[in-house]
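Hi,

Here is the structure I promised to pass on. My notes on it follow below.

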Protein chains: 2
Amino acid sequence: MAATQSTDDKILTAFSELLFSNGYEGTTTKRIAEQAGVNESTIFRHFQDKHGILTKLIEGYMADINNISDSFEIKGDIVQDLMRVAKTYDRVIENHKSLFLLGLRNGYQFPEIISAIKQLPIHLKAILIEKFTGMIETGELDKDVDLEVAATNFILLNFGNTVFKYAYPKAGLNVPISKFAKENIKEFAEKLKS
Amino acid sequence: MAATQSTDDKILTAFSELLFSNGYEGTTTKRIAEQAGVNESTIFRHFQDKHGILTKLIEGYMADINNISDSFEIKGDIVQDLMRVAKTYDRVIENHKSLFLLGLRNGYQFPEIISAIKQLPIHLKAILIEKFTGMIETGELDKDVDLEVAATNFILLNFGNTVFKYAYPKAGLNVPISKFAKENIKEFAEKLKS
DNA sequence: TTTGAGTGCAAGTGCTTGCTTGCATATAAA
DNA sequence: TTTATATGCAAGCAAGCACTTGCACTCAAA
């Protein structure tokens, strides 16, 4: 933690880290205080309650996701593009892995996390369909491809691998992102080419 | 619950149902007792502790999964086969959805659930690779297909869609299984055909 | 009828958790 | 120097949770 970080940010960072490793219930206010290096009562001077810390964290995520289109660079070469997007997706989730895991672990308790988390696949799907449409016109994509199905399958591949990565980290089920992009996504994308 | 169900089974069923809807921490022994229609102290006469109920439930799952190969019918027509396997996968998870969700929600707390849950994708991958090998020899599959990548991608598609279904049930992200098999899996499988 | 097994009931234990309260201290600005 | 702000500290509160304990009752088998 940076020496000049505000108390708010210290608490938010500690909360986020603990969410990742201990889950929501395991993220006690006692632990947050220790990790943030503040007194437990300070937490309640800055945030109304424990849930209020989460609300703030989700706000940060939504600010990021609302500009997410700019992060997914698609230039017109389907194979290179989808490999690049897969890597970007991995990076975006890595930056928000606590909330990603919270959505899996506690989605049933906090509808607002699901509302937030679903924005990424929804945005990504819209972008893919738009770009794929252009690529059919330029002849890069096979014109028989069902764009919605292709976009959904791409998202499922990335999402599934990402869940393996974060939800079952020691299971050895996820494909490391380099290999995933170069093999799994590449083979998928090549099948879309005309 | 069947009128002649044993007390053990009543408790296990109640536990499983509550796991699904309330998560592990929300599955209090008080709630289990109510749902099972037994006294709370009876639970501790049948199981050492709360965790012991989970252990028993996982044993039931493992008994199922150890014979899982028989459930995945692969006859040599890649498209029909993968569509059928996708539906079988969906059915298997549906039968064990509480443990599937527990793995996502509480995997970090219970390594034994991860060990159990990972058996399904591991078994399925092995089956797929074996069958795909045969299909290359019969000419059903394009011989340039990387079998491991194809099998992994098939599993990721199914897994991803299943996580959408159970972890974010109201988000509208998952493709209903009929459509998923007929469109997403069918398109995927057709690309593997020689 | 007696005995053993299984269960209900109610009270209780010890611990944890989120949060509150009131006092004290430190620091920066006026 | 005084004032305002931010925070630490320690004690505490109320609720909830897994689990225990001891008594009482029911039912089936011997």
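**DNA strand D and the chain A–chain B interface**

In this predicted model, a polar side-chain atom of A:Arg45 lies 2.8 Å from a base oxygen of DNA strand D. A side-chain N or O atom of A:Thr7 is 2.4 Å from a phosphate oxygen of DNA strand D.

The surface near DNA strand D has 2 nonpolar, 10 polar and 5 charged residues (Asp, Glu, Lys and Arg count as charged; Ala, Val, Leu, Ile, Met, Phe, Trp, Tyr, Cys and Pro as nonpolar; the others, Gly among them, as polar).

Now the protein interface. 38 residues of chain A contact 38 residues of chain B (heavy atoms within 4.5 Å). The buried area is about 3,400 Å², with 67% from carbon and sulfur atoms (accessible area, 1.4 Å probe, lost on being put together, summed over both parts). A:Tyr108, A:Leu156 and A:Tyr168 supply 18% of what chain A buries against chain B, more than any other three residues. How many salt bridges cross this interface? The rule finds 0 (side-chain nitrogen of Lys or Arg within 4 Å of a carboxyl oxygen of Asp or Glu).

Residues are numbered from 1 along each chain as written, and chains are lettered from A and ligands numbered from 1 in written order. Local features need pLDDT of at least 70, side-chain atom pairs count only at pLDDT 80 or more, totals for chains, interfaces and linings use all residues, and side-chain values use heavy atoms, without hydrogens and water.

Best wishes

Terms used
Buried area is the accessible area (1.4 Å probe) that two parts lose on being put together, summed over both. A polar contact is a pair of N or O atoms within 3.5 Å; within protein, one must be able to donate a hydrogen and the other to accept it, and residues adjacent in sequence count only if both atoms are side-chain atoms.
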